[in-house]
Amino acid sequence: MAIVYNTFMDARGMGKEERQLLEEKYGGDAAAAGFTEDRARLAAGEPLAYVIGWQPFLGLSIYLDSKPLIPRPETEWWTEELIRHLKERFGGSTLRLLDLCAGSGAIGAAVLAALPNARAAFGELRPEHAATIEKNLRAGGIDAARADVRIGDVFEPFAGERFDIIAANPPYIPEIRTLASSVAGYEPREALYADADGLGVIRRIATGAAAHLNPGGELWMECDIDNAGAARDLLVAHGAQRAELRTDLYGRPRLAIGYY
């Protein structure tokens with residue numbers, strides 16, 4: 001989950017993160033109001049994406065106003081894989097997707113931006129993230145009528161509803177694991193940790209998925225590399241006809257897919 005940044009100083013005496021901040025947020029104007037304060041935030045360990053205020057994700061600018069989990073390259077990788085699959089499977093047909101544990105809404109927003117035939121519901125626990133999701137949809141030029149943002153715990157806001165695809169990036173870090181201070185000190189704990197084994201929320205998603213998927217539906221779910229096999233087995237134990245693991249862009253088991 002942690003992002004590793006290059007902190008070597010360049011010839012101008014400014015670190016790579018500071019240069020990126022200067023160029024992306026301040027248009028290269030080092031005298032701009034706020035730049036000095038933002039450099040101090042970086043120096044204190046705050047993640048660059050929070051200081052800039054957004055994170056690129058499959059051609060979109062994902063705003064982070066409410067401080068949701070920062071989208072990672074691993075999530076961007078499998079979302080791109082998902083979009084490719086949806087285009088092949090559905091073509092121009094209508095499909096309905098649920099972005100579960102949505103956070104910033106990056107996954108669902110990317111799907112909606114890439115597939116004009118898609119409709120997406122966003123399920124998120126924290127109420128403050130709803131405005132961030134809606135902002136990211138507007139920033140992506142996505143018609144609000146194609147999206148439905150709901151607040152509640154896992155499947156609670158979607159009683160009796162079914163989808164073609166569920167995409168989820170749930171919390172999956174075991175509570176005993178120590179994360180970098182730039183992650184643990186700034187990103188939301190409830191989006192990172194999930195019980196002693198990291199499977200607390202994954203179990204609940206696995207248990208409820210079959211009741212919320214249409215026949216032939218699929219669940220795409222990001223997992224910890226240490227519990228990915230257990231996550232796959234939970235999908236089969238709770239109604240998936242079969243499940244598989246896929247390795248991420250770094251060659252690590254990261255994505256569990258259940259077929260229903």
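Guide: Start with a definition. Helices, of at least four residues, and strands, of at least two, are DSSP runs numbered from the N terminus. Asp-195 sits in the loop between helix 7 (181–184) and helix 8. Keep in mind that this is a predicted model.

Visitor: Why is Asp-195 called partly exposed?

Guide: Its relative accessibility is 40%. Buried means under 20% and exposed over 50%, with partly exposed in between. So Asp-195 counts as partly exposed. Its phi is positive, near 70 degrees, and it is a residue other than glycine.

Visitor: What makes Leu-58 partly exposed?

Guide: Leu-58 has 28% relative accessibility, so it counts as partly exposed. Leu-58 is in the loop between strand 1 (54–57) and strand 2 (60–63). Leu-58 is not a glycine, yet has a positive phi of about 50 degrees.

Visitor: Why is Thr-132 called buried?

Guide: The cut-off for buried is under 20%. Thr-132 has a relative accessible area of 3%, so it is buried. This residue belongs to helix 6 (residues 129–139). Beyond its neighbours within four places in sequence, its contacts include Tyr-63, Leu-64 and Ser-104.

Visitor: How do you know that Glu-124 has no salt bridge?

Guide: A salt bridge needs a side-chain nitrogen of Lys or Arg within 4 Å of a carboxyl oxygen of Asp or Glu. For Glu-124, the nearest side chain of opposite charge is Arg-126, 6.2 Å away.

Visitor: What does the side chain of Glu-124 reach at 2.7 Å, and what at 2.9 Å?

Guide: At 2.7 Å, the backbone nitrogen of Gly-103. At 2.9 Å, the backbone nitrogen of Arg-126. A polar contact has a cut-off of 3.5 Å. Glu-124 itself lies in strand 4 (residues 118–124).

Visitor: Which other residue is found in strand 4?

Guide: Arg-119 is found there. At 37% relative accessibility, Arg-119 counts as partly exposed. Arg-119 and Asp-148 are 29 residues apart in sequence, but 8.4 Å apart in space, C-alpha to C-alpha.

Visitor: How do you know that helix 8 is mostly covered?

Guide: Count its residues. Helix 8 (residues 200–209) has 10, and seven of them are buried. Among the buried ones are Val-201, Ile-202 and Ile-205. The buried residues of helix 8 pack against strand 3 (95–100), strand 6 (163–168), strand 7 (213–222) and helix 9 (228–237).

Visitor: Why is strand 7 called largely enclosed?

Guide: Seven of its 10 residues are buried, so the rest of the structure largely encloses strand 7.

Visitor: What makes strand 7 and strand 9 a pair?

Guide: Two strands pair if DSSP finds at least two bridges between them. Strand 7 and strand 9 (residues 253–259) have five, in the antiparallel sense.

Visitor: How many residues has the largest nonpolar core?

Guide: It has 36 residues, and Leu-82, Leu-86 and Leu-97 have the most contacts inside it. A second, separate core of 35 residues includes Leu-100, Phe-163, Val-201 and Cys-223. In soluble globular proteins, nonpolar side chains tend to be buried together.

Key: Residues numbered from 1 in each chain as written. Predicted model: local features only at pLDDT ≥ 70, side-chain atom pairs only at ≥ 80, totals over all residues. Heavy atoms only, no water. Buried < 20%, exposed > 50% of the residue type's maximum accessible area, 1.4 Å probe, protein only. Lys, Arg positive; Asp, Glu negative; His and termini not counted. Polar contact = N/O pair within 3.5 Å; in protein donor to acceptor, adjacent residues only side chain to side chain. Contact = heavy atoms within 4.5 Å. Core = buried A, V, L, I, M, F, W, Y, C linked by side-chain atoms within 4.5 Å.
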